[in-house]
Amino acid sequence: MNSNGSSPAIKLEGVSKAFKDLKVLDDITLEVAKGTGFCLLGRSGTGKSVTLKHIIGLLRPDSGHVYVHGKDVAALKGRELAEVRRSMGFLFQSAALFDSISVGENVAFPLRRHTDWPDAKIREMARAKLADVGLEKDYDKMPSDLSGGMRKRAGLARAMALDPDILLVDEPTAGLDPITSDEIDDLLVELKKKGTTLLVVTHNIPSARHIGDELAMLHDGRLIAQGTAEELDRSDNEMVRAFMRSEGAG
Amino acid sequence: MTERLGLMVLSALAWVGEVALFGVRALYEAFLPPYEFKETLRHIFEIGWRSTPLIALAGFAIGVVLSMHTRASLERFGAEAMIPAALAIALIRETGPLVAGLLISGRVGAGIGAEIGAMKVTEQIDALEASAVDSFKFLAVTRILACILAMPLLTMVMDFCGIFGGYVAEASISGMSPQLYFHRAFSLIEFSDFIPATLKTAVFGLIIGTVSSYLGFTATQGTEGVGRASTRSVVLASICIILMNVVLVKFIFFMFPVRA
């Protein structure tokens, strides 16, 4: 339970992870309340994407627990894990679009897998999700025909396809122009207002201030700061303050 | 030196063990829901139908060549009348299944290894999992099943085209009628010649699908790793087919001793 008395949407409890001798996460504990925006900050290679992959169950912690809607993700298998994953959307850093099908079919893919809607309705929904990210005219294009930023937006549309309760977003504005970047931020804030829980990995501090109700900073696999943007601005840690002062995009 | 050789043998055995477990898991999961019928059918089309021209052409050419060689041998004994039967037996019992297996290993094995390998290194497999889709079942089980089902069908195509190629070659030399040729070709063929030899290619399909899917799933190191997965899929699947063929032929001779 959190301070509001409701159970958090996401909870990490003492999570540690190492790849061979390299410790990537070291005793991470954090909570993301339902319907809030949580931004994970930090320099490259500090374990932010690895944290997201633990939450969706692509990686399992060496020690500690990851809870999503109160369920220990690492302990789930098969249908139970699929059930938890269906409640989440994931935007990969590389977008990870399926390159053998069109952009529209990428967005339609989760709908085809997890709903019994007719083809026309699935296509309509996929077009609507693409329109949300400004790609309504690109349904039939192949992922290889899109720019990096457009691929990212298509990936976001796919992550939103099933209207998930939780959206895990890895650097949503990396490689986007400032106007599109602001549009994506506004879209995420809009989703948050509708009740979606956001966990966003970003280097873009203005974007984090806009989206995040709470921010946390990872450094060398450890959580060195957590709180509101204002609290991080006043952090005792010079690195945190320096990071918060930066206007780095991406 | 002996120690190094021993380590290499152990490492090869460990690899074979891992691939075998991968294949057994695929066969086991094929019987568990959800069943990926649509995806399996799509792969049967991709693997089977799209390989048909290659198999038909290769079968025809092999039939022509075999016919010429058979004629050159049997002519010495005045046994030209046996050419259709000898060619049909050679094709149906051994040449057709083995050549079809090796050709599909080249065409399909490389494709599967590269496709799954590319998906692995570009996080598309992770994206499938994140979309609550069982990537093993969706990518590996469907392809392995498609290979198992398509191989016997493709082998029949190769057998038929080979016998037809043999007829074309024979007719151009001796002017033999199609009725006489096909009557002689099938006069000595029994089900025990055709069924086991054709069904053994389902095992070849299992090998091609399993080896190439395994190498795709274990691909690392970017595009170089994808290339390696593709090449190794062809090489290792071909070697496994040739070795397994020895075991299967021995097994068939054991099961059908009269016709051996």
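**Questions about strand E7 of chain A**

User: What makes strand E7 (residues 166–170) of chain A largely enclosed by the rest of the structure?
Analyst: Five of the five residues of this strand are buried, so the rest of the structure largely encloses it. A residue is buried if 20 or more other C-beta atoms, placed from the backbone, lie within 10 Å of its own; with 12 or fewer it is exposed, and in between partly exposed. Please keep in mind that this is a predicted model, in which local features need pLDDT of at least 70, side-chain atom pairs count only at pLDDT 80 or more, and totals for chains, interfaces and linings use all residues. Residues are numbered from 1 along each chain as its sequence is written, while chains are lettered from A and ligands numbered from 1 in the order in which they are written.

User: How do you know that both faces of E7(A) are covered?
Analyst: Ile166(A), Leu168(A) and Asp170(A) lie on one side, Leu167(A) and Val169(A) on the other, and all are buried.

User: Why is E7(A) called a strand, and what makes strand E6 (residues 88–91) of chain A its partner?
Analyst: Strands are DSSP runs of E with at least two residues, helices are runs of H or I with at least four, and both are numbered from the N terminus. Two strands pair if DSSP finds at least two bridges between them. Phe90(A) stands opposite Leu168(A) here.

User: How do you know that E7(A) also pairs with strand E8 (residues 197–201) of chain A?
Analyst: They share five bridges in the parallel sense. In this pair, Val169(A) stands opposite Val200(A).

User: Why is the unit of E7(A), helix H6 (residues 178–193) of chain A and E8(A) called right-handed?
Analyst: A crossover is right-handed if, with the strands pointing away from the viewer, the path from the first strand over the helix to the second runs clockwise. E7(A), H6(A) and E8(A) make a right-handed β-α-β unit.

User: What makes the radius of gyration of chain A agree with a compact globule?
Analyst: The radius is taken over C-alpha atoms, and the globule rule is 2.2 Å times the number of residues to the power 0.38. For 250 residues a compact globule would have a value near 18 Å, and chain A has 18 Å, so the two agree. Of these residues, 45% count as buried.

User: Which secondary structure does chain A have in total?
Analyst: Chain A comes to nine helices and 10 strands.
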